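Please look at the sequence and the model first.

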Amino acid sequence: MASAAAPTVLVLNGPNLNMLGTREPEIYGAHTLIDIEASVKDRAHDLGLFVDFRQSNSEGELVTWIQEARLTASAIIINAAGYTHTSVAILDALQAFKGPIVEVHLSNIFRRETFRHHSYISGVATGVICGLGAKGYLLALDAVADKVARS
Ligand code: DQA
């Protein structure tokens, strides 16, 4: 029952996630980003949320979108992909966002190479979901629906 007044959740996807489905499917699964977007939008509709779903390979573009979200979104779900482990700029932008932030990773980053164990985003995230594949996005949406309803 999403309507024009439905709270907006910005779902951000970082570099190389446009290649899901063909990129290392044994790690990231067979779903494409378009499949994930469709299932997230379906769930958002059921939860009475509007989802703005985006992907960029550019760090600056992600930063700009997070800045804009201060005025346009009630919550952010972010899979910053490789920038998770490198980007102080994305951390700084998220720090200025007042609503709930859920960090999502398809893979369990703690079972992988040690450089993936550190996330710049976790320290500002309300919660972190990793290792549950595409379902992690739906769990993140359920969590932000709850937070947005309570705020
Ligand atoms: C990822 C994990 C990151 O370490 C990696 O760089 C990605 C995807 C994930 O969803 O599992 O690109 O964020």
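## The contact of two helices

Ile 36, Ser 39, Val 40, Arg 43, Ala 44 and Leu 47 in helix α2 meet Tyr 137, Leu 138, Leu 141, Asp 142 and Ala 145 in helix α5, where contact means heavy atoms within 4.5 Å. By type, the residues of this contact are 8 nonpolar, 1 polar and 2 charged. Ala, Val, Leu, Ile, Met, Phe, Trp, Tyr, Cys and Pro count as nonpolar, Asp, Glu, Lys and Arg as charged, and the others, Gly among them, as polar.

The model is predicted: local features need pLDDT of at least 70 and side-chain atom pairs pLDDT 80 or more, while totals for chains, interfaces and linings use all residues. Residues are numbered from 1 along each chain as its sequence is written, and side-chain values use heavy atoms, without hydrogens and water.

## Angle and distance

Helix α2 (residues 33-47) and helix α5 (residues 135-150) pack at about 25°, with their axes 10 Å apart. Therefore α2 is roughly parallel to α5 (angles under 35 degrees count as such).

## Nonpolar cores

A nonpolar core is a set of buried Ala, Val, Leu, Ile, Met, Phe, Trp, Tyr and Cys residues joined through side-chain atoms within 4.5 Å; buried means under 20% relative accessible area (1.4 Å probe, protein chains only). The largest has 27 residues, and Val 9, Val 40, Ile 77 and Leu 141 have the most contacts inside it. Helix α5 gives the most to this core, with 7 residues.

A second, separate core has 21 residues, including Leu 10, Ile 78, Ile 90 and Val 124.

Definitions and conventions: Axes fitted to C-alpha atoms, helices over the stretch in contact; angles between N-to-C directions. Helix = DSSP H or I, 4+ residues; strand = E, 2+ residues; numbered from the N terminus. Parallel < 35°, antiparallel > 145°, perpendicular 65-115°, else oblique. Buried < 20%, exposed > 50% of the residue type's maximum accessible area, 1.4 Å probe, protein only.
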